[in-house]
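Subject: Structure handover

Hello,

Here is the structure I promised you. Please open it first, then read my notes below.

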Amino acid sequence: MISNSFDSAVGAFLSAESRLGILGNRGSIQLCLLYPNLYALGIANLGFNRIWQLLDRESDITVERAFYLEPPHHAVPKSWEWKRPFGAFHVLAFSLSSEEDYPAVLEFLMSSGIQPRSSKRKPRDPIVIAGGLAPTLNPRPLSLYFDALCIGDGELLIPSLKRVITGSTGGWDRQQVLENLAATPGIWVPSLKEPDMPIASWRFSDDPLGPARSMAISPQGHFGSMFLVEVGRGCGRLCFYCATCYSVPHRIWSAEVLENTIDQWARPPGPVGLVGAALSDHPELRQIVENLVTRGYRLGLSSFRADILDRGLLELLRRGQVETITIAPEAGSESLRERIGKPISNERILETARWIAEAGFPRLRCYYMTGLPGETSDDIETLIFLCRRIQSTIRSTNSQTRLDIRISPFVPKPGTPFQWAPLALESALKKAQQRIRSALEGQHGITLRMTSPSEAWQEALFSRGDERVGLAIEEALRTEKSLRQTAVQFGIDLKTITHPLPVDQPLPWRQIQRHISPQFLEKQWSKSIGPPEPQSG
Ligand code: SF4
């Protein structure tokens, strides 16, 4: 029964999907590309799409996909295209953009009949690999479960991976493939290389494939049938908390390349989504938007720096039927914004909010964080005050623009200046959220959404941990105990999550060599926390 309804659930997704240039080669190497989260998110994830594109063009590889389904099919261990068990593949490749997907990875492996721990796999078992932002930040937490982890841009890693894998067809020798992978730059094979040995994060400078783009569109995608294209990767602003900008260098695609890509794969009225962490810093953004709007495309965009938007660009975006403008003030006070490396004035934010309302956008979305290093209860009041001022600025224009406020607890990320910062105590985060809720919830024209402190706790545990995190997740899945219980059982000191980490102690992800030096991170961290407090007594 479950199998039949699995087939029909998957069939409904696949039949609604329009593929854009997927070749569907039937090579002798069998590879299943897994996205350990819902289809809606995976098909809208450009990292996943890029890896699918890179693998699909290899004539000697057959690529199938699998996504996580809602219960009762969550983690049914079969490929979606031809419904084959995971054990039928040479390679299971996980695309891991977020640490929150770690439990789903283990659920897939534990239900597949393949040994979840890499050390127990047999010569005929698939090679289980992972790549994406999460392992690039910190590959340790699931390193007992993956045979190999790819660190950095997939554009350079996939060809090397492919050479190693396809070079082994004349008799699949699992151990030989692993040894060859271990000798490949940017790939870590935990069973063959100690976690202390350095691994350089790989990054491309020029890619003949052009920008990452949607390889399929579906009304069931997170952004509906929007064609997504990457305008650039990384960001040069280096805000102290931002994992995206410290994990890869900032690069952009030219207006010409982007317009050619869009013309090849999308048709007016689109919609077309321009994606990039540093979208507002693209020097040709106005030209790109103007050309697309003039040609009749509807647009969608990722978030903007509030101090970059101007009236002219906003009017263009409105003509492109953009519904929501997203900015990320992150904090309510200018001094706290200064401390997190994002110096934007409140006056500039308010001016931008006014322009957004005047241009008639249905929604202004603002992202904030609570529990930032150095935050005080006054900062929470300032955040509430700023939200109210934005709302009254919008209302004073007589606009119908709604204010959509999103608040998440700050979670320290590896490889950033805030990697040493603590997660705020759950009690403090809850208190701040209660205060914000009582001040803003139900206010006219305001929608408020907050990420729960317990989700943030789990994210912090997964982000900064080592192998014990994977063991704790596995145990929690097997026994249905809480993660807190199993984390303690495997010797994780929970205090380390809510205490600052000492800068002179080695961090679990110290092996990863990035484009930004550890000395620079340390300098920025001490710039943020300021000089040490004088000792009393
Ligand atoms: S501006 Fe945005 S993308 Fe750039 S570093 Fe700051 S937070 Fe990251």
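Two strands count as paired when DSSP finds at least two bridges between them. That matters for the notes on sheets below. One caution before the details: this is a predicted model.

Start with Q30 in β2. It stands opposite T62 in β3. The two strands, β2 and β3 (residues 61–68), run parallel and are joined by 8 bridges. β2 also pairs with β4 (residues 91–95), again in the parallel sense, over 4 bridges. There, the bridge partner of L34 is F94 in β4.

β2 covers residues 29–38. It is mostly covered, with 8 of its 10 residues buried.

β4 pairs in turn with β5, parallel, over 5 bridges. In that pairing V91 stands opposite I127 of β5. How many residues of β5 are buried? The count is 5 of the 5 in this strand (residues 127–131), so β5 is largely enclosed by the rest of the structure. Both of its faces are covered. I127, I129 and G131 are buried on one side. V128 and A130 are buried on the other.

**The three-stranded sheet**

Next, look at β10, β13 and β14. These 3 strands form an open sheet in the order β10-β13-β14, with parallel pairing. β10 (227–230) and β14 (299–301) stand at the edges. Each has a single partner strand, so one side of each is left without a neighbour in the sheet. The twist averages 25° from one strand to the next.

β13 (residues 272–275) is joined to β14 by 3 bridges, and the two run parallel. V272 stands opposite L299 in β14. On the β10 side, 4 bridges join β10 to β13, also parallel. E230 stands opposite V275 in β13.

Are the residues on the two faces of β13 buried or exposed? V272 and L274 on one side are buried, and so are G273 and V275 on the other. Both faces of this strand are therefore covered, given the cut-off of 20 or more other C-beta atoms within 10 Å for a buried residue.

**The four-stranded sheet**

A second open sheet has 4 strands in the order β15-β16-β17-β18. Its pairing is parallel. β15 (324–330) and β18 (446–450) are at the edges. Each has a single partner strand, so one side of each has no neighbour in the sheet. Here the twist averages 20° from one strand to the next.

β16 (residues 363–370) and β17 (residues 402–409) pair in the parallel sense over 8 bridges. Y367 stands opposite R406 in β17.

α15 (residues 426–440) has 15 residues. From first C-alpha to last, α15 reaches 21 Å, close to the 21 Å expected at 1.5 Å a residue. Its buried residues are L429, A432, Q433 and I436. They cover an arc of only 100° around the axis, which puts them on the same side of α15. As background, an α-helix has 3.6 residues a turn, so residues three or four places apart point the same way. On the other side of α15, S427, Q434 and S438 are exposed.

α20 (residues 518–529) has 12 residues. α20 reaches 17 Å from its first C-alpha to its last, close to the 16 Å expected. Just after α20, G530 takes a positive phi of about 80°.

**Where to look**

Best wishes

Methods: Residues are numbered from 1 along each chain as its sequence is written. This is a predicted model: local features need pLDDT of at least 70, side-chain atom pairs count only at pLDDT 80 or more; totals for chains, interfaces and linings use all residues. Axes are lines fitted to C-alpha atoms, for helices over the stretch in contact, and angles run from 0 to 180 degrees between N-to-C directions. The expected span of a helix is 1.5 Å times one less than its number of residues. A residue is buried if 20 or more other C-beta atoms lie within 10 Å of its own, exposed if 12 or fewer, and partly exposed in between; C-beta atoms are placed from the backbone. The arc is that of the directions from the helix axis to the C-beta atoms.
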